[in-house]
Amino acid sequence: MLSDSAAPNAWHTPAELAPLDGNEAFRGTDAGTVLDFWRYAMPDLRTNTTRGLLAEFLVHRAVGAVARNMEWDSFDVLTPDGLRIEVKTSAYLQAWGQRQLSEIRFSRLRGRTWTPEDGDAAEQSYNADVYVFALHTALTHADYDPLDIGQWRFHVASRALVEATGQASLGLASVRRLCGEPVDYEGLAARISACSLQSPSTGGATEAATATA
């Protein structure tokens, strides 16, 4: 039911909310706290969705980002100086049983932008300045420790190199040719900064055009 002050065709703008700390209680029933919900929603950091969010969080922390992006933004992390970063994640092991290790592939490198005013863009595009390909390297479940950041390796490339491939997804061999040697978490911010300075004419673009598998 519309309130007296809300016209049927009015533009509805959500109010800004203060960040939750987890201790807030749900009102109206004994449903617990926000922390209880977080524990329910993300109890396992190995699942595909949560692992992807974890990788975004690591990049967010590494570059000193201030706020998390909105879900509909066309990139994942915005640095304090305005650099747009897309984070793609893959791993050899999943949260279910498997006969063999998973093929490493990073997908959805391009997509349609969306705004509340205009909806989806007509064409897909590459929408970040830098791409981070985050690989979880554990090869056995006995070794897999989701709290050990040392098990991640990060390949980083400029938009120019990724766009030159013309591809919507890349396998690990292509990512290695594109990005060179990976870095660990401690080297991530510096590698992102270095890639942000690369121009479309930077050496390697020709090789990037062949990195299609």
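Modeller: Start with two residues: Phe106 and Phe133 are both buried, where buried means under 20% relative accessible area, exposed over 50% and partly exposed in between, with a 1.4 Å probe and protein chains only. The model is predicted, so local features need pLDDT of at least 70 and side-chain atom pairs pLDDT 80 or more, while totals for chains, interfaces and linings use all residues. Residues are numbered from 1 along each chain as its sequence is written, and side-chain values use heavy atoms, without hydrogens and water.

Biologist: How many aromatic pairs does the structure hold?

Modeller: Rings of Phe, Tyr and Trp (its six-membered ring) pair if their centres lie within 6.5 Å; planes under 30 degrees apart are stacked, over 60 edge-to-face, the rest tilted. The structure holds 2 such pairs. The centres of Phe106 and Phe133 are 5.2 Å apart with planes at 70 degrees, so this pair is edge-to-face. Phe106 lies in strand 3 (residues 105–106) and Phe133 in strand 6 (residues 130–136), 27 residues apart; strands are DSSP runs of E, at least two residues, numbered from the N terminus. For Trp152 and Phe154, the centres are 6.2 Å apart and the planes at 15 degrees, so that pair is stacked. Both Trp152 and Phe154 are buried.

Biologist: Is strand 7 largely enclosed or open?

Modeller: In strand 7 (residues 152–158), 6 of the 7 residues are buried, so the strand is largely enclosed by the rest of the structure. Two strands pair if DSSP finds at least two bridges between them; here 7 bridges join strand 6 to strand 7, which run antiparallel. Trp152 is the bridge partner of His136.

Methods. Helices (H or I, at least four residues) and strands (E, at least two) are DSSP runs, numbered from the N terminus.
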